[in-house]
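The model is shown first, and the description follows.

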Amino acid sequence: AILGKAGSRADRKGARDVALVRLLHDLGLRRAEAVALDVADVDLDGGAVFIVGKGHTEKERFTLPEPTAAALKAWLGARGSEPGPLFVNLDRAGKGHRLTGRSVHRIVERLGKQAGIKARPHGLRHAAITEALDKTGGDVRAVQRFSRHADVRTLQVYDDARTDLAGKVARQVAIDG
């Protein structure tokens, strides 16, 4: 729903917001990771983006899913390929300046409100990690690599949120009768 609201605008803000939401969700990025990106960190020909993750000093290569690459291509077409921050403010007061984490929060919150849901950037990351657990059948090691959590135990929060484990066990224990 949030992606649909972002894509409903046919202007530069729409292109920027779609690319931003795609990165936050599709790659499970933290908002600080997204706002730290520069144009030079995007390799559309190689289908990758290079991110400095939380607690790291070196950039790591992340393969872009096709819809995410298409959104970035559209945004770069609207933004222009001049060097600098990937995500910039398009309002008169701060035009051309790097978006802040707070700006990303406001964008996602506004898009969520338009879609009739409460949304925040970490919620997009949380949804991505939960979906990754579902799609991988609960493969916490694979999802740990995807989410870039240092401790696999952190994923228990996401795993517990995705399934009603107590209810599942109760149904197995219940006596048919």
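Just after H2, Gly28 takes a positive phi of about 60°, where helices (H or I, at least four residues) and strands (E, at least two) are DSSP runs numbered from the N terminus. This is a predicted model, in which local features need pLDDT of at least 70 and side-chain atom pairs count only at pLDDT 80 or more, whereas totals for chains, interfaces and linings use all residues. Residues are numbered from 1 along each chain as its sequence is written, and side-chain values use heavy atoms, with hydrogens and water left out.

The end C-alpha atoms of H2 are 21 Å apart, in agreement with the 21 Å that its 15 residues should span at 1.5 Å a residue, the expected span being 1.5 Å times one less than the number of residues. H2 is mostly covered, with eleven of its 15 residues buried; buried means under 20% relative accessible area, exposed over 50%, and partly exposed in between (1.4 Å probe, protein chains only). The elements that cover these buried residues include H1, H3, H4, H5, H6 and H7, through contacts defined as heavy atoms within 4.5 Å.

## The largest nonpolar core

A nonpolar core is a set of buried Ala, Val, Leu, Ile, Met, Phe, Trp, Tyr and Cys residues joined through side-chain atoms within 4.5 Å. The largest one has 36 residues, of which Leu23, Leu86 and Phe87 touch the most other members. Its largest share, seven residues, comes from H2.

Phe87, found in the loop between H4 and H5, is buried at a relative accessible area of 1%. Leaving aside residues up to four places away in sequence, Phe87 touches residues including Arg16, Leu23, Trp75 and His97. The C-alpha atoms of Phe87 and Val104 are separated by 9.5 Å, although the two residues lie 17 apart along the chain.

## Salt bridges

The structure holds ten salt bridges, each a side-chain nitrogen of Lys or Arg within 4 Å of a carboxyl oxygen of Asp or Glu. In one of them, Asp26 meets Arg22 at 3.0 Å, N to O; the two are four residues apart in helix H2 and so are separated by about one helical turn. Asp26 is buried, with a relative accessible area of 17%, while Arg22 counts as partly exposed at 21%.

Asp41 forms a salt bridge with Lys59, with the closest N and O atoms 2.4 Å apart. This pair links distant parts of the chain, 18 residues apart, with Asp41 in the loop between H3 and S1 and Lys59 in the loop between S2 and S3.
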